[in-house]
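My entries follow in the order in which I made them.

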Amino acid sequence: MMDMTPETTSILDAAEAQIRDGGYGAINIAQIAEITGLTADQIQTHFRDIEYLATRVSERYRLRFIGALGAAEAEPAADQLAKLVAMVRFALVEEDKMCLCGMFGAQIAVLPPMVAEEIRHFFHQVLDWVTDVFRQTDVEDPRKRARETVATLEGAMIMARTLAEVQAFDDAAEAVLRS
């Protein structure tokens, strides 16, 4: 990860908000400059181009998300799944945002290679964590159940935002927690 000066943090924060609202095409350097009080040239001294900026935003998001999950074996599986659901629900309800990597995952075919690779890295790490959680249970195929769980939560987030109904997410999350 890069040096996190106050300037780089404010640039990353502004870009992350844009991405989580509108995806890769929503990244707007002029708006980031306005939000941060920096010039476009100052932003470019930190981030040479939009691809590099989006990659660093994605990397920071991944590290923060995985760090918040902690060790898969730290708590009972049910508690770990509840934590994952709560983190996703917090993004949806409290932050009123999409999961950054879910947003980018939907756009994977049009993302620059460096960004796409970071998004794949996020999903591999999350799937590994959920797989490790399910290994604590009697689930027959932990990896399959992990893919089902992550797909359900990401899809539920899209459904809830599309319909403007948090209950759509809560219903899916309830099914995940029963698994």
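This is a predicted model: local features need pLDDT of at least 70, side-chain atom pairs count only at pLDDT 80 or more; totals for chains, interfaces and linings use all residues.

Residues are numbered from 1 along each chain as its sequence is written, and side-chain values use heavy atoms, with hydrogens and water left out.

I then looked up Cys99, which is also buried, at 5% relative accessibility. How many disulfides are there? I found zero, a disulfide being a pair of cysteine sulfur atoms within 2.5 Å. The sulfur of Cys99 has its closest cysteine sulfur in Cys101, 5.3 Å away, which is too far for a bond.

**Nonpolar core.** I took a nonpolar core as a set of buried Ala, Val, Leu, Ile, Met, Phe, Trp, Tyr and Cys residues joined through side-chain atoms within 4.5 Å. The largest one holds 56 residues, and Leu53, Val130 and Phe169 have the most contacts inside it. Helix α7 gives this core its largest share, ten residues. I listed the contacts of Phe169 (heavy atoms within 4.5 Å): leaving out residues up to four places away in sequence, Phe169 touches residues including Val88, Leu153 and Met157.

**Cavity.** I used a 1 Å grid over the protein atoms alone: a cavity is a set of points where a 1.4 Å probe fits but cannot get out, a pocket is an open set with protein on both sides within 12 Å along at least five of seven lines, and lining residues have an atom within 4 Å of a point. One cavity of 30 Å³ or more was counted. About 70 Å³ of space lies in the largest cavity, a volume being the space filled by probe spheres set on the points. Its lining includes Phe65, Val88, Cys99 and Leu153. Helix α8 (142-163) supplies the largest share of that lining, three residues.

**Pocket.** Which residues line the largest pocket? I found Arg20, Tyr61, Arg64, Phe65, Ala68, Met87, Val88, Phe90, Ala91, Glu95, Cys99 and Met157. The space in this pocket is about 230 Å³. Both α4 (50-69) and α5 (77-93) supply at least two residues of its lining.

Definitions and conventions. Helices (H or I, at least four residues) and strands (E, at least two) are DSSP runs, numbered from the N terminus. Buried means under 20% relative accessible area, exposed over 50%, partly exposed in between (1.4 Å probe, protein chains only).
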